[in-house]
Amino acid sequence: MLNFYPGPSKVYPQIRDFMVMAYDEGLLSIPHRSERFVHMMRELVGLLRKKLNIPQDYYLFFTSSATECWEIITQSLTPHKSLHLYNGAFGEKWGQYARRLRPDCYSQSFGVNDVLDVPNIPVEDDTDVICVTQNETSNGTQVSMETLLKLQNQFKDPLLAVDATSSMAGLNLKFIRADIWFASVQKCFGLPAGMAVLVCSPRTVQRAKALNDKKHYNSLVFLYEKMLNYQTGHTPNVLNLYLMRQMLERLPLIKQVDQQLVKRSQELYSFFEELTEVQLLVENPEVRSQTVLAVQGTGKQILEIKKNAAAQGITLGNGYGDWAKNTFRIANFPAIVDGEYDVLKDFFRKNYK
Ligand SMILES: *Cc1c(COP(=O)(O)O)cnc(C)c1O
């Protein structure tokens with residue numbers, strides 16, 4: 001079965017052997033205060049920096065999910081309010097979660113085909129964090145690194161937090177253009193679900209220390225204090241840390257991964273642009289995601305395409321949120337190889353050209 005679901009998505013095939021290795025090496029029962037754990041964590045952090053191009057002065061943390069990162073940002077970095085700029089289901093949900101904890105948090109939506117209009121964003125006083133979903137997995141749009149730079153230049157005081165769940169480890173993100181980045185690993189990382197990476201600028205850690213929230217087991221100051229010794233507060237997902245470490249060692253540098261993905265996304269967009277029965281959901285090429293494509297049709301068409309694809313051994317991603325019924329999604333993630341996209345294209349060529 002070919003799996004184009006944009007998360008949980010296809011895991012790297014090497015994961016199978018790495019899981020056996022982890023068992024055989026006795027890793028699955030190591031204490032998280034042991035030297036062996038610390039050694040593994042130190043190597044993993046070094047590899048993440050090197051392979052993903054994360055600046056040396058940025059801090060790395062591990063959490064259980066992107067959703068947990070949303071909560072940490074509100075709990076530990078938002079004494080007053082955050083602003084949520086969104087055009088899809090994940091960005092919207094982030095705002096809703098934040099409001100449950102801090103009722104003054106506010107959201108501003110923009111259109112699926114719109115580039116964020118940075119000069120006209122209404123930022124209220126006392127906004128602690130501006131939150132952006134870099135790659136909106138629900139509709140296949142993205143916020144460019146140029147837009148992040150504009151946000152950074154225009155709003156100097158609030159921290160800039162970026163949900164990069166479906167782009168980190170796929171695209172060459174410019175980490176210096178924001179303060180906080182996070183991603184769960186079941187998307188572009190090609191790993192099993194149950195863990196997330198949280199990347200923070202020095203300014204973010206300073207702010208966390210000044211605010212000193214210690215009310216939660218996952219308060220950022222606790223994560224920070226433990227990570228000084230390459231440890232975590234609670235017993236972490238050791239298997240997934242190990243899998244990530246093994247995988248990263250073998251993956252090319254992100255610049256190369258990015259080039260391959262961008263090229264493949266261009267080919268996919270050209271291909272789907274030519275189909276007559278269905279259309280691309282996002283019409284503006286400038287804001288199209290390079291890692292998740294959303295294809296639109298009538299509810300009946302989409303249902304039929306997904307069914308026919310499944311019969312040919314191809315899993316397409318369901319639509320999500322507002323687009324649940326009238327779109328399907330295709331992941332363009334590094335763990336999926338070119339040959340699989342050839343099969344996908346053949347299927348559409350034969351049936352829907
Ligand atoms: C998948 C996804 C999430 C949620 O990830 P969890 O690991 O389930 O918390 C959040 N944001 C974006 C953009 C996503 O794609």
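**Ligand site and selected side-chain contacts**

Good morning. Please bear in mind throughout that the model is predicted.

Let me place D179 in its context. D179 belongs to the loop that runs between β8, residues 159–163, and β9, residues 180–184. Is D179 buried or exposed? D179 counts as buried because its relative accessibility is 8%, and the cut-off for that class is under 20%.

The backbone oxygen of D179 is reached by the side chain of T204, at 3.3 Å. T204 is part of helix α6, which spans residues 202–211. The relative accessible area of T204 is 0%, so T204 is buried as well.

I turn now to the ligand. How many residues surround the ligand? There are 13, and the closest are T67, T137, D163, S184 and K187. By class, this shell consists of three nonpolar, eight polar and two charged residues. Which element supplies the largest share of the shell? That element is helix α3, residues 66–77, with three residues.

For K187, a polar side-chain atom lies 2.7 Å from a ligand oxygen. For S184, an N or O atom of the side chain is 2.8 Å from an oxygen atom of the ligand. For Q186, the corresponding distance from a side-chain N or O atom to a ligand oxygen is 3.0 Å. The ligand sits in the second largest pocket.

Finally, I would draw attention to Q301, which is found in helix α10, residues 299–311. With a relative accessibility of 22%, Q301 counts as partly exposed. A polar atom of the Q301 side chain lies 2.8 Å from the backbone nitrogen of T298. To give a sense of distance across the model, Q301 and Y23 are separated by 278 residues in sequence and by 46 Å in space, C-alpha to C-alpha.

That concludes the presentation. Thank you for your attention.

Notes:
Residues numbered from 1 in each chain as written. Predicted model: local features only at pLDDT ≥ 70, side-chain atom pairs only at ≥ 80, totals over all residues. Heavy atoms only, no water. Near = heavy atom within 4 Å. Polar contact = N/O pair within 3.5 Å; in protein donor to acceptor, adjacent residues only side chain to side chain. 1 Å grid on protein atoms, 1.4 Å probe; cavity = no way out; pocket = protein on both sides within 12 Å on 5 of 7 lines; lining within 4 Å. Sits in = over half its atoms within 2 Å of the grid points. Helix = DSSP H or I, 4+ residues; strand = E, 2+ residues; numbered from the N terminus. Nonpolar A, V, L, I, M, F, W, Y, C, P; charged D, E, K, R; others polar. Buried < 20%, exposed > 50% of the residue type's maximum accessible area, 1.4 Å probe, protein only.
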